[in-house]
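Good morning, everyone, and thank you for making the time. Please take a look at the model on the screen, and I will then walk you through it piece by piece.

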Amino acid sequence: MPGRHSESLVWRRDDWRRLPISQQPSWPDPAALDAVRNRLATLPPLTSVADVRRLEVSLAKAAAGRAFLLQAGDCAEPMDASGTAAVRGKNRLIGAMAEAISEHTGLPTVTVGRIGGQFAKPRSRPTETVDGRELPAFRGEMVNDPRPDARLRTPDPHRLLGAYRAAKAVLNELYIIAHETAARRLPDAWPTPAPTAPDDEAAPVRSWDGSLRSLLGGYGETRRDPDGGWAHTGLWTSHEALVLDYEEALVRRDPQTGEWFLLSTHLPWIGERTRRLDEAHVAFHAGIANPVGCKIGPTTTPEEVVRLCEVLNPSRKPGRLTLISRMGADAVRDRLPGLVRAVRAAGHPVVWVCDPMHGNTELLPDGRKTRRVARIAAEIRGFFEVLRDAGEWPGGLHLEVADGDSAECLGEGGPASAEEIGDGYRTLCDPRLNEKQSITIADLVGRLLAGEEGGFGPAADEAVWTRP
Ligand SMILES: O=C[C@H](O)[C@H](O)COP(=O)(O)O
Ligand SMILES: C=C(OP(=O)(O)O)C(=O)O
Ligand SMILES: [Mn+2]
């Protein structure tokens with residue numbers, strides 16, 4: 001397989017087209033798809049090489065135990081104006097969680113949203129049944145419409161351009177928030193920028209110019225305030241790089257070095273359903289120079305995880321590879337230790353991240369999905385124990401969260417049972433922790449990292465987590 005440092009083979013951004021691929025939409029009109037791909041390839045990149053490299057430096061700190069990664073946001077991000085309107089709330093919630101974690105650890109928390117492109121979903125089944133009718137499954141707003149209507153569920157390639165525009169609006173919003181954050185710190189020196197006009201598709205995303213960069217310093221990490229507390233600075237973006245027709249069009253070359261960067265996002269990741277070594281997604285991510293994530297679920301073998309490390313990070317660069325364990329609360333203590341030992345024995349530097357959401361999904365009687373905070377906490381505890389026993393730093397946490405009082409996950413600040421969910425169930429795909437639940441989990445993680453009471457101690461605090 002072509003890797004980015006292979007001597008005999010040169011990686012090309014369309015190499016993936018010759019390989020088996022999973023979870024792609026069946027686009028009904030190939031000519032329309034080609035026109036959209038060609039258009040996307042002419043549009044300005046959404047992120048910059050300099051920023052992608054800055055995030056990799058932060059992730060290298062997380063790999064080395066000098067920082068902690070918090071990656072969080074929607075399961076499926078909406079592409080309409082509600083997505084842009086939600087950016088502030090997400091920034092505030094993830095920022096509050098990051099500050100809480102840093103207060104415990106005394107270390108910077110690297111802050112990454114599932115944001116600005118999290119528009120495509122892999123699914124367990126190609127169809128779903130709604131009111132007795134079988135429909136194509138919702139695959140994210142980049143692909144089709146969530147409303148239960150067969151026509152709207154047909155994949156539409158024009159949605160790829162909608163995804164680009166929506167991502168740009170989100171990035172512009174993050175830029176304005178960063179300006180405002182700087183203005184609050186330096187009120188005399190820092191004017192707030194005028195709002196952007198995001199509907200001009202061909203306009204570049206607002207640039208993070210040199211002066212903003214130097215004033216913000218460690219953007220995307222919590223920073224120590226003069227009073228000794230920790231302050232959030234802003235979010236980097238990440239998404240599952242799933243629909244490769246979209247992603248390929250946003251691969252751009254760094255003129256300085258000749259490296260290829262995926263400039264649809266800062267941190268792309270490979271999902272659990274598309275991480276096979278001989279398939280398209282791994283080959284695609286092997287060739288881009290961004291830091292990349294890869295989900296690993298309970299069927300992953302030690303041999304597979306070491307091969308993933310070799311293919312995705314052949315030069316063993318710290319910060320390049322983040323492994324996101326999503327085993328489930330019952331499997332994590334059994335499945336993860338062998339993988340951690342194998343990666344350690346092979347000498348690969350990775351950021352070990354816990355996703356306690358995707359292995360703990362349950363179906364409610366009405367067919368909707370939920371997750372119990374108690375199970376989420378149990379997987380986090382298992383993950384920390386495994387990493388501690390292996391002598392490795394638990395480098396991060398990957399969550400699905402929503403600010404406010406949504407009612408999608410059960411217990412600890414949310415509905416105690418399915419009957420109490422009411423109209424607070426709003427997610428487009430998987431159930432997210434609400435604001436209270438998110439802060440509770442951030443606090444738990446901070447205590448575990450700090451080895452405080454309720455942390456690593458034996459049988460420390462099962463009582464804190466009462467099952468609903
Ligand atoms: O978010 C992840 C996946 O898209 C999701 O968990 C799959 O869910 P499904 O089993 O309902 O298809
Ligand atoms: C699809 C997702 O997860 P996984 O690939 O781990 O199932 C997700 O993160 O929404
Ligand atoms: Mn999900």
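Let me begin with a definition: helices (H or I, at least four residues) and strands (E, at least two) are runs assigned by DSSP and numbered from the N terminus. What you see is a predicted model, in which local features need pLDDT of at least 70 and side-chain atom pairs count only at pLDDT 80 or more, while totals for chains, interfaces and linings use all residues. Residues are numbered from 1 along each chain as its sequence is written, and chains are lettered from A and ligands numbered from 1 in the order in which they are written.

Now to the helices. In general, two packed helices are described by the angle between their axes and the distance between the axes. The axes here are lines fitted to C-alpha atoms, for helices over the stretch in contact, and the angles run from 0 to 180 degrees between N-to-C directions.

Helix 4, residues 87–105, packs against helix 12, residues 435–450, at an angle of about 20°, and their axes are 8 Å apart. Helix 4 and helix 12 are therefore roughly parallel to each other, where angles under 35 degrees count as roughly parallel, over 145 as roughly antiparallel, 65 to 115 as roughly perpendicular and the rest as oblique.

How do helix 4 and helix 5 lie to each other? Their axes come within 10 Å and cross at roughly 55°, so helix 4 and helix 5 are oblique to each other. Val87, Arg88 and Asn91 of helix 4 meet Val170, Glu173, Leu174 and Ile177 of helix 5.

Helix 5, residues 158–185, also packs with helix 1, residues 30–42, and there the axes come within 8 Å and cross at roughly 20°. Helix 1 and helix 5 are therefore roughly parallel to each other.

Turning to the strands, 8 of them close into a barrel in the order 1-2-7-10-11-12-13-16, with parallel pairing; two strands pair if DSSP finds at least two bridges between them. Strand 1, residues 68–73, is joined by 6 bridges to strand 2, residues 109–114, and glycine 73 stands opposite arginine 114 in strand 2.

Finally, the ligands. A residue is near a molecule if its C-beta atom, placed from the backbone, lies within 6 Å of it. Around ligand 1 we find Cys75, Lys121, Pro122, Arg123, Ser124, His358, Cys429 and Asp430. The residues around ligand 2 include Cys75, Pro122, His358 and Asp430, and by class its shell has 2 nonpolar, 2 polar and 6 charged residues.

Terms used. Nonpolar A, V, L, I, M, F, W, Y, C, P; charged D, E, K, R; others polar. Contact = placed C-beta atoms within 7 Å.
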